[in-house]
Amino acid sequence: MNKALFILIKSPAKTGLFIVWMLLLSACEAPKTPEQVTAAFWQAMIEKDVETAIQFVTTDSQALISADAHEFPDNASVATGRIVIEDQHASVETFIVPEDTNSLRQSFYTELQKEGETWKVDFRQTINAIPGYALGQLFKSLKGIGENLNKQLEEQMPLFEKEIESFGRELEKQKQELEKRLEKLFPPSQPKGKPDSI
């Protein structure tokens, strides 16, 4: 028997330390399986931890990751279900489970690709599989455009008011000039009085 192993077996304190050390080592391991990568990625997204989330994403879809890339309920958790692996591609059934039991739980497939020996989330393909994602992004974009237009209008309003005042003054000036011209062209007629008596 190996001498180090014999010492561990003989000393319960050292055995406990060895077990704790092994658990810490296994906890520090990076997610490797498609399920682990999926769970780690979505948990980072729920927590809006962009830096961590990007580590689990394919190189070509990293630019799509942002803190508001997807809205999740507060304190939601991630669960995985069925998995299909075909060569360098995997699909993992994913559930976003809200803490509030009255909220709807989201379910979709997370698409993964192998980059080298590592599984990475293909976020570009995944967002196409999320029900309502594209529509939600469209509404979010339209809301942003509306808010931007509203802000610009508010900023431009004082200029519009000045232009309207200036236009009003110009109209009043032209009206007065027109009245003067009309008076010259058509002078007011003198009221006919009684002829002077002789």
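Me: A strand is a DSSP run of E that is at least two residues long, and strands are numbered from the N terminus. Where is Thr110 found?

Reply: Thr110 is found in strand 3. Keep in mind that we're looking at a predicted model.

Me: Why is Thr110 called buried?

Reply: The cut-off for buried is under 20% relative accessible area. Thr110 has a relative accessible area of 0%, so Thr110 counts as buried.

Me: Which residues does Thr110 touch, not counting those up to four places away in sequence?

Reply: Among them are Thr38, Trp42, Ala90, Val121 and Thr126.

Me: What makes the link between the side chains of Thr110 and Trp42 a polar contact?

Reply: The limit is 3.5 Å between N or O atoms, one able to donate a hydrogen and the other to accept it. The side chains of Thr110 and Trp42 are joined at 2.8 Å, so the distance passes and the pair is listed as a polar contact.

Me: What else is Trp42 in contact with, leaving aside neighbours within four places in sequence?

Reply: The list includes Phe72, Val78, Ile96, Phe108, Phe123 and Ile130. Trp42 is also one of the buried residues of helix 3, along with Phe41 and Met45.

Me: How do you know that helix 3 has the span expected for a helix?

Reply: Helix 3 covers residues 34-46, which is 13 residues, and reaches 18 Å from its first C-alpha to its last. The expected value at 1.5 Å a residue is 18 Å, and the span of helix 3 is close to that.

Me: Which residues of the largest nonpolar core touch the most other members?

Reply: The core has 23 residues, and those with the most partners in it are Phe41, Trp42, Met45, Ile65, Ile96, Leu112 and Phe123. Helix 3, strand 2, strand 3, strand 4 and helix 5 each supply at least two residues. Helix 3 gives the largest share, 6 residues.

Me: Why are strand 1 and strand 2 called paired?

Reply: Pairing takes at least two bridges. Strand 1 and strand 2 run antiparallel and are joined by 8 bridges, so they qualify. One example is Val78, whose bridge partner in strand 2 is Ile96.

Me: What about strand 3 and strand 4: how many bridges join them?

Reply: There are 4 bridges, and the two strands run antiparallel. With at least two needed, strand 3 and strand 4 therefore pair as well. Lys114 has Trp119 as its bridge partner in strand 4. The hairpin they form has 2 residues between the strands, and Gly116 in the turn has a positive phi of about 70 degrees.

Me: What makes the phi of Asp87 stand out?

Reply: Most residues other than glycine have a negative phi. Asp87 isn't glycine, yet its phi is positive, near 55 degrees. Asp87 sits in the loop between strand 1 and strand 2.

Me: Is Asp87 buried or exposed, and why?

Reply: Exposed means over 50%, and Asp87 has a relative accessible area of 68%, so Asp87 is exposed.

Me: Where is confidence lowest and where is it highest?

Reply: Helix 2 is lowest, with a mean pLDDT of 46, and strand 4 is highest at 95. Residues 4-9 also stay under 50. Where pLDDT is low, the predicted coordinates should not be read in detail.

Key. Residues numbered from 1 in each chain as written. Predicted model: local features only at pLDDT ≥ 70, side-chain atom pairs only at ≥ 80, totals over all residues. Heavy atoms only, no water. pLDDT = per-residue confidence, 0-100. Contact = heavy atoms within 4.5 Å. Expected span 1.5 Å × (residues − 1). Buried < 20%, exposed > 50% of the residue type's maximum accessible area, 1.4 Å probe, protein only. Core = buried A, V, L, I, M, F, W, Y, C linked by side-chain atoms within 4.5 Å.
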